[in-house]
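Q: I would like to learn how to read strands, cores and single residues from a set of coordinates. Can we work through a case?

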Amino acid sequence: QVQLVESGGGLVQAGGSLRLSCAASGRTFSNYVMGWFRQAPGKEREFVATISWFSAITYYNDSVKGRFTISRDNAKNTVYLQMNSLNSEDTAVYYCAAATSGRVGVRSSDYDYWGRGTQVTVSS
């Protein structure tokens, strides 16, 4: 099994920034595509961003494009999500996910491993 552990969530004022981290352990990181999803209370889980093994390909939800940046450090088995210009609509539990297929995807079903999530709360 692959374990994914998110960190870096917390409370931030609107307009502020946070950097989320996701550390992978257990099985070899290999060439997994990594992604971030989020889920607000009463809403469906939503795609946020994804990144390929060599970081050559990234995709973002339109709602975060230009504000969020996904990156990874394969030597550290870690993926990051830099979040800037946060607003109340960004309040959610953020989940890290890994896709063993190695193909970039934007659906939850494209991913095989999931972290437990980290809460991000943006105050208005």
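The dialogue below takes up sheets, cores, the disulfide and some single residues in turn.

Q: What kind of model is this?
A: The model is predicted.

Q: How do the strands of the open sheet pair, and in what order do they lie?
A: Strands of a sheet pair through backbone hydrogen bonds, either parallel or antiparallel. Here 4 strands form an open sheet in the order 1-3-8-7, and the pairing is antiparallel. Strand 1 and strand 7 are the edge strands, each pairing on one side only. Direction ignored, neighbouring strands of this sheet are turned by 15° against each other on average.

Q: How many bridges join strand 7 to strand 8?
A: The two run antiparallel and are joined by 6 bridges. Within that pairing, Phe68 stands opposite Met83 of strand 8.

Q: Which faces of strand 11 are covered and uncovered?
A: In a regular strand the side chains alternate between the two faces of the sheet. Strand 11, residues 118-123, has Thr118, Val120 and Val122 on its covered face. Gln119, Thr121 and Ser123 make up the uncovered face.

Q: Which residues have the most contacts inside the largest nonpolar core?
A: A nonpolar core is built from buried nonpolar residues joined through side-chain atoms. The largest one here has 28 residues, and those with the most contacts inside it are Leu4, Met34, Trp36, Leu81, Met83 and Tyr94. Two or more residues of this core come from each of strand 1, strand 3, strand 4, strand 5, strand 7, strand 8, strand 9 and strand 11. A second, separate core has 6 residues, including Phe47, Ala97, Ala99 and Tyr111.

Q: What does Met83 touch, leaving aside residues up to four places away in sequence?
A: Met83 touches Gly16, Ser17, Leu18, Leu20, Arg67, Phe68, Tyr94 and Val120.

Q: Which cysteines does the disulfide join?
A: The structure holds 1 disulfide, which joins Cys22 to Cys96 with an S to S distance of 2.0 Å. The pair links distant parts of the chain, with Cys22 in strand 3 (residues 18-26) and Cys96 in strand 9, 74 residues apart. Both Cys22 and Cys96 are buried.

Q: Why is the disulfide of Cys22 and Cys96 called left-handed?
A: The torsion about its S-S bond is about -80°, so the disulfide is left-handed.

Q: Is Arg38 buried or exposed?
A: Buried means under 20% relative accessible area. Arg38 has 5% relative accessibility, so Arg38 counts as buried. This residue is found in strand 4, residues 33-39.

Q: How far apart are Gln39 and Gln119 in sequence and in space?
A: They are 80 residues apart in sequence and 9.6 Å apart in space, C-alpha to C-alpha. Gln39 is in strand 4 and is partly exposed, with a relative accessible area of 27%. A polar atom of the Gln39 side chain lies 3.1 Å from the backbone oxygen of Lys43. Leaving out residues up to four places away in sequence, Gln39 touches Glu44, Arg45, Ala92, Val93 and Tyr95.

Q: Where are Ser55 and Asn77, the residues with a positive phi value?
A: Ser55, with phi near 65°, is found in the loop between strand 5 (46-51) and strand 6 (58-60). Asn77, with phi near 50°, is found in the loop between strand 7 (68-73) and strand 8 (78-83). Ser55 counts as partly exposed at 35% relative accessibility, and Asn77 is partly exposed with a relative accessible area of 24%.

Key. Residues are numbered from 1 along each chain as its sequence is written. This is a predicted model: local features need pLDDT of at least 70, side-chain atom pairs count only at pLDDT 80 or more; totals for chains, interfaces and linings use all residues. Side-chain values use heavy atoms; hydrogens and water are left out. Buried means under 20% relative accessible area, exposed over 50%, partly exposed in between (1.4 Å probe, protein chains only). A disulfide is a pair of cysteine sulfur atoms within 2.5 Å. A nonpolar core is a set of buried Ala, Val, Leu, Ile, Met, Phe, Trp, Tyr and Cys residues joined through side-chain atoms within 4.5 Å. Contact means heavy atoms within 4.5 Å. Two strands pair if DSSP finds at least two bridges between them. Axes are lines fitted to C-alpha atoms, for helices over the stretch in contact, and angles run from 0 to 180 degrees between N-to-C directions. A polar contact is a pair of N or O atoms within 3.5 Å; within protein, one must be able to donate a hydrogen and the other to accept it, and residues adjacent in sequence count only if both atoms are side-chain atoms.
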